[in-house]
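Trainee: Please show me how to read a few local features in a protein model. I would like to begin with charged side chains.

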Amino acid sequence: MKEKKRQSMGTHRGFILWFTGLSGAGKSTLANYLVEEFGRRGYEVELLDGDEVRTHLSKGLGFSKEDRDTNIRRIGWVARVLARHGVIAITAAISPYREVREEIRRLVEEEGKARFVEVYACAPLEALIERDVKGLYKKALAGEIANFTGISDPYEPPEHPEVVVYTAEESVEQSAQKILDYLTQQGLIK
């Protein structure tokens, strides 16, 4: 978890900006871009990056469906606590299973103290395999990584995300602007 404490000079409400998408789809890149943008605006913002959360909050969990669900529920709980205290909580984790993402959305909505904004980082599997920055797809396709989302484990795209960014076609700036425009239209940021 990256600490980005700032004195709140801008106008915003606490909310959860939940990125979901396959590995390498640009979730962390976009999340980091927005953390910097919100910081420039003086907003309170925290990033819960999937890789960092697994190292600290979810250390010891594997990649079974049960462990993945537990990891996502932990991220959701922390994000809810932050958001209800006026922080923009950005999550960047694959979060492959629709049911758990919807569970977190429902909990946020039932509390009524924050909003849940789902952003689907959509990119074709072929483009991600070609891009393969971390070399994970190559290993997964060779059978060296079990339970790899999108290859040997399912990914369930969101049915009704608030924002869809097409990261194989759009620049980081274009995708980020779509998200910022939506947040502004919803009155979550100014």
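Mentor: A salt bridge is a side-chain nitrogen of Lys or Arg within 4 Å of a carboxyl oxygen of Asp or Glu. This is a predicted model: local features need pLDDT of at least 70, and side-chain atom pairs count only at pLDDT 80 or more, while totals for chains, interfaces and linings use all residues. Residues are numbered from 1 along each chain as its sequence is written, and side-chain values use heavy atoms, leaving out hydrogens and water.

Trainee: How many salt bridges does this rule count?

Mentor: The count comes to 14 salt bridges. Take Glu-102 and Arg-105, whose side chains meet at 3.6 Å, N to O. Both lie in helix α4, 3 residues apart, about one turn of the helix. Helices (H or I, at least four residues) and strands (E, at least two) are DSSP runs, numbered from the N terminus.

Trainee: Is Arg-105 buried or exposed?

Mentor: Buried means under 20% relative accessible area, exposed over 50%, partly exposed in between (1.4 Å probe, protein chains only). Arg-105 is at 9%, so it counts as buried. Glu-102, at 34%, is partly exposed.

Trainee: Which way do the side chains point along strand β5?

Mentor: In a regular strand, side chains alternate between the two faces of the sheet. In β5 (residues 163–166), Val-163 and Val-165 point to one face and are buried.

Trainee: What is the phi of Ser-95?

Mentor: Most residues other than glycine have a negative phi. Ser-95 has a positive one, near 40°. Ser-95 sits in the loop between β3 (88–92) and α4 (98–111).
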